[in-house]
Each structure stands twice: as C-alpha cells, then as structure tokens.
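Colleague: I'm new to this one. Can you put it up and walk me through it?

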Amino acid sequence: MEIIPATFDECAKNMFSREQVRRYFISAVTEIPVEEIKRVYLADTHLHVFFKGMKKGILDILVELEDGTKINIEIQHKHMADWEKRQLYYLSRVYSQDLFAGVNYHRLQKAILISIDDFRVTNDEEYHHVYRFRDENGKEFSSLMEIHTIELHKKLLNKPIDEWIQVFNAKTEEELDMIRSDNPGIKEAIQTIKEYGLRRVARAHYESWLKAKRDQYAMDKYVRETARAEGLAEGRSEGLELGRQEGLREGLREGIQEGKREERQENIKLFIESFQELKVSKEDAQRKLEVKFSLSQEEAEEYISKYWQ
C-alpha cells in the first residue's frame, strides 16, 4: 500500500513531533549517545526579525537540546541556485537567534543544520557529510556551527544513519515493514508515518503538493526544451548565414539568394519539428511561426500542413 513518505514536509513535521523520534534521529546523525540526550524540545520555527526590511524566515523543524544546542532539520527536494549560501544563511540565523541588543556573546549556543536531501549534493560515494569551521591545515576553529548533509539516493555503507535513510526513502507500507530494527525511534517513526497516511486531510494535502510538484517540473521542462529548440534554430540560422557570407566573397549572387530561401525553409521546418516534439498544439505552433518569421496566417498554415508529421 502506498504511503505518504517522510520526505513530504508535513509528514516529517508530524514524525518529528514525537520526542523519541527526535532523540534517536539526532543521536544517529550527530553521534551523541542517545543516553546523553535527555530532552529534545520543539522550538518556534519562525526566525526573529531584528530590524525593518530584514528577511523573514520559517524553518521546517527546529529543536533545542537541554544544553541549549539548537538543531534545524530541513527536508530539501531540489538543488536550487545558491543552495550552499541558503544553508549558511539559515544556520547563521539559528545561531544568532538569542543575541538581542545588550546581550553578551556568552548567550550564543551551538547551532546545527541537518539537511535531508532528496538529490545528490556531492559526486563521491559518501552520503553523510559533516562541515565545520577549520583552517587550511584542518585545525578546528570552532565547533559552534555545524552542517550535516544526508543524501537519500546513494548506496548505503552500513552506518548508524542507514535505517533513517530507509525510512525517508520508503514509498509503501511493505517497504516500511522491511526495515527490521530494534531502534525505538525507528519503530515509532514507522508507526507515525503509517498513522499519518490514514488521515483524509493529510492525503489531500499530499496529493495537492504532488500535483504542484509535477506541474512545476513540466513547466521547467517546457521552458528548457523551448529555449533549446529556439537556440538550435538560431544556431542553424547563424551557420547558414556564415555560409552565405562565404558565398558573397565568391561572388555567387544567385547561389546566395537560393541559400537564403533554403535557410528560411530549414529554419521553419526545424521550428515546426521542435515544437511538435515538445507536444505544442498546432494552433500555438502556428501563432509562434507567424511571429517568428513574419508570416501571414495563410503562409503559416501552408508550412504547418507541409512539415507537421
């Protein structure tokens, strides 16, 4: 049976609302013995705004340990532009949250960002990277800020975090049941995911999120392929233009005129074939053809009839 996966933000938030899940997950990631993690409090995920115009921020999940350490857990679905800068920005905001005006620096506590990534971040086999401040010789400058990246789609290498990766990757109840674990946090996480998927409202939110995700993917693909098709047409046009200039130098005036006609025919044919491959409707393709090549409606219809397979 298909489930709502833990990579869905709302499912993850529901899962991490259980303190036992938080304790065992944080222990697996940070290697802090679970016995030393007495309490893990859920914190306000809204970042403070200290002055007018400052960027607002809402975190996925923010927890705080008994010693004041703050841990931001983020589910990342797509590698966006400036992804690394975004991680540093939110980590620094979490680190500086308690430093109000007039407060001494000793109030600053350790901040950890755990980024659960549904894509590849690095090209190596390692799927759990830990980043800290160090000098060029590897000597640690400070342990107060730390970033963990967990990549979900790499081959597992028998690490403590592996069972949690299997939980996040599970798409069906059968896959969850295949995770044979004595870890109390894993057991509670699996049960929580199963229960969450039974909620009608949760299922509706997930289906809506999936639709938006598919629509965005289709739109991105259309933009990329349209740009590629137009780029190919422009490139072909420039190449033919270079050939035409060479013909000018040779004084072949008649050949040049023929070349221009062939160039136009080739560009129109390539334009139509490209949009047909992109599954653009005939009507839309014809309108774009009229604008691109300054054609009348009748001329455009004739070319569509000729080259549309």
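Modeller: Helices here are DSSP runs of H or I with at least four residues, strands are E runs of at least two, and both are numbered from the N terminus. This is a predicted model, where local features need pLDDT of at least 70, side-chain atom pairs count only at pLDDT 80 or more, and totals for chains, interfaces and linings use all residues. Residues are numbered from 1 along each chain as its sequence is written, and side-chain values use heavy atoms, leaving out hydrogens and water.

Colleague: Okay, how many residues does α2 have?

Modeller: Helix α2 runs over residues 19-30, so 12 residues, and spans 16 Å between its first and last C-alpha. That is close to the expected 16 Å, which is 1.5 Å times one less than the number of residues.

Colleague: And why is α2 largely enclosed?

Modeller: Because 10 of its 12 residues are buried, meaning under 20% relative accessible area with a 1.4 Å probe, protein chains only (exposed is over 50%, partly exposed in between). Y24, F25 and I26 are among them.

Colleague: Which residues touch the most others in the largest nonpolar core?

Modeller: M15, F25, I114, I161, W164 and F168, out of 45 residues. A core is a set of buried Ala, Val, Leu, Ile, Met, Phe, Trp, Tyr and Cys residues joined through side-chain atoms within 4.5 Å. Helix α2 gives the largest share, six residues.

Colleague: Switching topic: where is K288?

Modeller: K288 is in helix α9, residues 282-293, and is partly exposed at 32% relative accessible area. K288 and I272 are 9.5 Å apart, C-alpha to C-alpha.
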